[in-house]
Every structure is written in structure tokens, then in C-alpha cells.
Amino acid sequence: MEPPLIPSRWAEALRREWRLRQLKDPAYAFLFEPAPADEWVSLACATSGHDLKHDQILSVCALRVSDQRVLASERLELLLKPTCPVPPEALRAHRLREQELAQGLEAKEAMQRLLRFIGSRPLLGYYLEFDLALLEQLIRPLIGVGLPQPALEVSALYHEWQFRQLPPYQQQGDAAIDLRYASMLEQLGLPVREAPDPLDRAVLTALAFIKLRQLQGG
């Protein structure tokens, strides 16, 4: 006989308890507190490339979202000092200069500031998985665990909304839905920026999240 399935809320509580026990510094227990109601943090990073083994975070922007509002004035922007040379194409793509990055924060201080800013709020992002994987390479040595907050993938919300717009005969199997960032912004009536920096991306992703919640009655 197969063992009974653990309800998802119980499984989540067990994971939370386990991660709390792995916490190296009790000063970061605030990350596990209940999140403020209807608040999120939109997160976007500039990276030196797309390889988890070799690339690094260059800058981070995090801003708070409250209900239907993007609190652009309540944001955190961080430049990180690189630990190895940054490819020239990455500098050009993110409109950064070596001199600026040389004055950036050490990873430990940057992550301390980021964690205090996020608190226990859920995270928003577009293709957030890669950014979180790079961030957790810096966060785990600091606190002993990865980020415990829920991560909401806006591309998944957009896919779900677009899928519901399809006629029934197309809602079979893997429907072809354009998930490019610019395409999503255009479909949602949001401004499309050429090579948006982390601040632009954090703001626009937050606006897309709010718009999708409205469209889905959330």
C-alpha cells in the first residue's frame, strides 16, 4: 500500500521548519515570519552571462509592490563588485562600466541589505529561476539556507492567462504561446523598452503582475 500523501500545506510547513533549523544566524529568522498581506517584492538582476557555474550577479534591483500599487520609491538598487573579469559584451548590454563595478559592494554586504529589504515578502520575477539560483550561491554561505520566500513566476501567470484566451480546440497539448518579455508587455499594454535595466525590468514586471491579477480577477 502506498503511503498517504502529505497535504501541501503540511509539506510546506515541514520544509519551513527544516530550513529554519538550518539557519546559521538567528538574526535572519525574520525571513520566516508571516508575510505582510498583499505585499510582494519584484526582483530583477543584471548578470555577466547565463551560465550558473561561471557567471555572476552584477547588479540587483528590488522594489515593493502593495496590493495594486508599485512602490517605486521603496526600492533597493545594488551594484556588486565582480570577483572575476566581466565580458565586455555584458558591460555593454547592461550599460555598466568597470569603474562603477569596481566601487560596488562585496557580496556579503549586498546580500545582507537585500535580505533585510525583502523580509518575508514573496518574490516576483520574469524567468526568476536563474537570478535566484545565482543569488542563492551568495546567500547560502551567509545564512545556511536558500531564500525561503515563495517565488511567483510572472511568465507562468502570463501563460495561464494567454492559454485561457485560446479557443477550446487549441487548448489541447502544448499550445504555442509567445513568452518573450517584450511580447508580454505589448499584449498587456505596457511600455516596451529596448534593453531594460534591472530597475525598468522590476517596475515593468510588477506592473505586469498587477495587470494579470486584475485580468484573472485576483
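1. Residues are numbered from 1 along each chain as its sequence is written, and side-chain values use heavy atoms, with hydrogens and water left out. Because the model is predicted, local features need pLDDT of at least 70 and side-chain atom pairs count only at pLDDT 80 or more, while totals for chains, interfaces and linings use all residues.

2. Ser120 sits in the loop that runs between helix 4 (107–118) and strand 4 (123–125), where helices (H or I, at least four residues) and strands (E, at least two) are DSSP runs numbered from the N terminus. With a relative accessible area of 11%, Ser120 is buried (under 20% relative accessible area; exposed is over 50%, partly exposed in between, with a 1.4 Å probe and protein chains only). A polar atom of its side chain lies 3.2 Å from the backbone oxygen of Glu33, and the side chain of Ser120 also reaches the backbone oxygen of Pro34 at 3.3 Å.

3. Helix 4 and helix 5 (residues 128–143) pack at an angle of about 90°, their axes 10 Å apart, the axes being lines fitted to C-alpha atoms over the stretch in contact (heavy atoms within 4.5 Å), with angles from 0 to 180 degrees between N-to-C directions. The two helices are therefore roughly perpendicular (65 to 115 degrees; under 35 is roughly parallel, over 145 roughly antiparallel, the rest oblique).

4. The count of disulfides (pairs of cysteine sulfur atoms within 2.5 Å) comes to zero. The sulfur of Cys45 is 9.3 Å from the closest cysteine sulfur, in Cys61, which is too far for a bond.

Note on methods: A polar contact is a pair of N or O atoms within 3.5 Å; within protein, one must be able to donate a hydrogen and the other to accept it, and residues adjacent in sequence count only if both atoms are side-chain atoms.
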